[in-house]
Amino acid sequence: MSGSIGANAWVEELLDVKPEPLRALMAIEADAFGIGGMNEWFLPPFVRQGRVFVLWQKGIVDPVGVAECMRQWQNPQTAYLFGFAVRKDRRGEGLGTFFMQELILWLTKAGFERLELTVSPSNDTALHIYKKKLGFVKVRRYTDEYGPGEDRLLLGLDLMQGSADRQGENGGGRQNNG
Ligand SMILES: CC(C)(COP(=O)(O)OP(=O)(O)OC[C@H]1O[C@@H](n2cnc3c(N)ncnc32)[C@H](O)[C@@H]1OP(=O)(O)O)[C@@H](O)C(=O)NCCC(=O)NCCS
């Protein structure tokens, strides 16, 4: 699956704070998460102190996806995925699955042992990708995490399990077929 998508899409770390592609990333964020989206105050520190990943698709000028990652203070070998979104007009093509597979591969190669994220219990599409397709497991539920009625499920993926398979399957390197 990632092979066919990988011929037309690729993931890059964002290393600089520049108006472009930040503007495009903030637009994806606002569209996906509303007021919870990364804005001009939050994305730059994530670029400089955490990791921001950009999904590109062949033939499309602006980014088609964004993900932000931080290292967990209590468990430095655990990465926490703060945000993850594919541009609305590019969803349903397998890009979200490909993007997450690439992040898992990148984090595994960087030495992380575990990936955690939170997701709304009603986000069926994301849950399908995380749990059914990629093997994330529910750790716990945070009640009212973002305010009344805004529960989140904490999911985790053991990156050590099957990491050799993953690296072999994808040729051991990130796709960059741009
Ligand atoms: C979640 C998101 C990244 C998925 O991106 P995407 O490019 O559409 O994902 P894919 O095309 O790779 O996969 C979508 C999968 O969900 C399935 N799906 C779609 N609607 C679904 C639903 N209502 N219930 C269950 N599964 C559903 C699709 O069938 C597909 O699975 P399949 O490959 O087994 O057929 C995208 O929807 C998004 O950005 N949403 C807004 C932000 C968000 O919710 N981020 C996650 C927060 S943790």
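A residue is called buried if 20 or more other C-beta atoms lie within 10 Å of its own, exposed if 12 or fewer do, and partly exposed in between, with C-beta atoms placed from the backbone. By this criterion strand β6 (residues 137-142) is hardly covered, since the count of buried residues among its six residues is zero. Helices (H or I, at least four residues) and strands (E, at least two) are DSSP runs, numbered from the N terminus.

The model is predicted: local features need pLDDT of at least 70 and side-chain atom pairs count only at pLDDT 80 or more, whereas totals for chains, interfaces and linings use all residues. Residue numbers start from 1 along each chain as its sequence is written.

**Strand pairing**

Two strands are taken to pair if DSSP finds at least two bridges between them. Strand β3 (residues 65-71) and β4 run antiparallel and are joined by seven bridges; the two form a hairpin with six residues between them. The pairing of β4 with β5 is parallel and extends over four bridges. Strand β6 and strand β7 (residues 152-158) run antiparallel, joined by five bridges. Residues that stand opposite each other in these pairings are listed below.

| Residue | Partner | Strand of partner |
|---|---|---|
| Arg71 | Ala79 | β4 |
| Tyr80 | Glu116 | β5 |

β4, α4 and β5 together make a right-handed β-α-β unit. A crossover is right-handed if, with the strands pointing away from the viewer, the path from the first strand over the helix to the second runs clockwise.

**Ligand shell**

The ligand is surrounded by 20 residues, the closest being Arg91, Gly96, Thr97, Asp124 and His128. The elements giving two or more residues to this shell are β4 (78-86), α4 (95-109), β5 (114-119) and α5 (124-133). A residue counts as near a molecule or strand if its C-beta atom, placed from the backbone, lies within 6 Å of it. Helix α5 gives the most to the shell, with six residues. By class the shell has nine nonpolar, seven polar and four charged residues; here Ala, Val, Leu, Ile, Met, Phe, Trp, Tyr, Cys and Pro count as nonpolar, Asp, Glu, Lys and Arg as charged, and the others, Gly among them, as polar.

**Nonpolar core**

In soluble globular proteins, nonpolar side chains tend to be buried together. A nonpolar core is defined as a set of buried Ala, Val, Leu, Ile, Met, Phe, Trp, Tyr and Cys residues joined through C-beta atoms within 7 Å. The largest such core has 42 residues, of which Val54, Leu55, Ala67, Phe99, Ile104 and Leu115 touch the most other members. Helix α4 gives the most to this core, with seven residues. Contact requires C-beta atoms, placed from the backbone, within 7 Å of each other. Not counting residues up to four places away in sequence, Leu55 touches Ala9, Val11, Pro63, Val64, Gly65, Val86, Leu95 and Phe99.

**Backbone and loops**

Most residues other than glycine have a negative phi, and most peptide bonds are trans. The peptide bond from Glu20 to Pro21 is cis, with omega near 10 degrees, and Pro21 is found in helix α2 (residues 19-33). Asp144, a residue other than glycine, has a positive phi near 55 degrees. Asp144 lies in the loop between β6 and β7 and counts as exposed because it has 10 C-beta neighbours inside 10 Å.

Met160 is placed in the loop between β7 and α6 (163-169). Met160 is exposed, with 12 other C-beta atoms within 10 Å. Met160 and Thr108 are 52 residues apart in sequence, and their C-alpha atoms are 7.5 Å apart in space.

Technical notes:
Contact = placed C-beta atoms within 7 Å.
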